[in-house]
Amino acid sequence: MRIGELSKRTGVASRMLRYYEEQCLITPRRLHNGYREYDEYLVDRVGKIKGLVDAGIPTRIVTSILPCLGQPQTIVVENAEPGLFELLETERDRMSEKIDFLTHNRDAITSYLRALELAGVESPESKAS
């Protein structure tokens, strides 16, 4: 697929996809005419990269984390940046807090939906039937 389609499918701007390529986070194939060709597996990979970047992880560290996002494997760490452990620990804890917050809100909405059902409020899907 071309960069425009990858951008559309992932919600990541073409400019940012080129930046990911510069940072060696993604590697498209080059066609004989020099155009980039992005393989299907990059849709998932770009989503994972975007999630990490959106969480505040710098791309230089995302490169190290990407192997951990695939299949279970043994990760070998060499030449880790000073402070990397603390940075990742802080980010992990921040993500856990956000997950807990979102889970609480999801459960509250689910409870409210049940209360609406008990009160006889119909969902749009049930009205269409």
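In this predicted model, helix α1 passes helix α3 in a right-handed crossing. The two helices pack at an angle of about 55°, with axes 10 Å apart. They are therefore oblique to each other. Helix α2 also meets α1, with a crossing angle of roughly 105°.

**α1 against α3**
- Helix α1 covers residues 3-10 and helix α3 covers residues 41-54.
- On the α1 side, the contact is made by Leu6, Arg9 and Thr10.
- On the α3 side, Leu42, Val43, Val46 and Lys50 take part.
- By class, this contact has four nonpolar, one polar and two charged residues.

**α1 against α2**
- Helix α2 spans residues 14-22, and its axis comes within 9 Å of the α1 axis.
- The crossing of roughly 105° makes α1 roughly perpendicular to α2, because angles of 65 to 115 degrees fall in that class.
- From α1, the residues in this contact are Ile3, Gly4, Leu6 and Ser7.
- From α2, they are Ser14, Leu17 and Arg18.
- The contact divides into three nonpolar, three polar and one charged residue.
- Leu6 of α1 is listed in the contact with α2 and also in the contact with α3.

**Leu17 in α2**
- Leu17 sits in helix α2.
- Its relative accessibility is 0%, so Leu17 counts as buried.
- Beyond four places in sequence, Leu17 is in contact with Ile3, Leu6, Ser7, Val12, Ile26 and Val46.
- Val46 is 29 residues from Leu17 along the chain, yet their C-alpha atoms are separated by 8.1 Å.
- Val46 is itself one of the buried residues of α3.

**Glu21 in α2**
- Glu21 also lies in helix α2.
- What is its burial state at 18% relative accessibility? Glu21 counts as buried, because the cut-off is under 20%.
- Leaving out residues up to four places away, Glu21 touches Ile26, Pro28, Arg30, Arg36 and Tyr38.
- Ile26 is listed among the contacts of Glu21 and among those of Leu17.

**Helix α3: burial and length**
- The buried residues in α3 are Leu42, Val43, Val46, Ile49 and Leu52.
- An α-helix has 3.6 residues a turn, so residues three or four places apart point the same way.
- With 14 residues, α3 should span 20 Å at 1.5 Å a residue.
- The end C-alpha atoms of α3 are 20 Å apart, which agrees.

**Helix α5: length**
- Helix α5 runs over residues 84-118 and holds 35 residues.

**Positive phi values**
- Most residues other than glycine have a negative phi.
- Cys24 has a positive phi, near 65°, and is a residue other than glycine.
- Cys24 is in the loop between α2 and β1, where β1 is residues 29-30.
- Is Cys24 buried or exposed? Cys24 is exposed, with a relative accessible area of 60%.
- Gly56 follows α3, and its phi is positive, near 100°.
- Gly120 follows α5, with a positive phi near 90°.

Technical notes
Residues are numbered from 1 along each chain as its sequence is written. This is a predicted model: local features need pLDDT of at least 70, side-chain atom pairs count only at pLDDT 80 or more; totals for chains, interfaces and linings use all residues. Side-chain values use heavy atoms; hydrogens and water are left out. Axes are lines fitted to C-alpha atoms, for helices over the stretch in contact, and angles run from 0 to 180 degrees between N-to-C directions. Helices (H or I, at least four residues) and strands (E, at least two) are DSSP runs, numbered from the N terminus. Angles under 35 degrees count as roughly parallel, over 145 as roughly antiparallel, 65 to 115 as roughly perpendicular and the rest as oblique. Contact means heavy atoms within 4.5 Å. Ala, Val, Leu, Ile, Met, Phe, Trp, Tyr, Cys and Pro count as nonpolar, Asp, Glu, Lys and Arg as charged, and the others, Gly among them, as polar. Buried means under 20% relative accessible area, exposed over 50%, partly exposed in between (1.4 Å probe, protein chains only). A crossing is left-handed if the near helix is turned anticlockwise from the far one by less than a right angle, and right-handed if clockwise. The expected span of a helix is 1.5 Å times one less than its number of residues.
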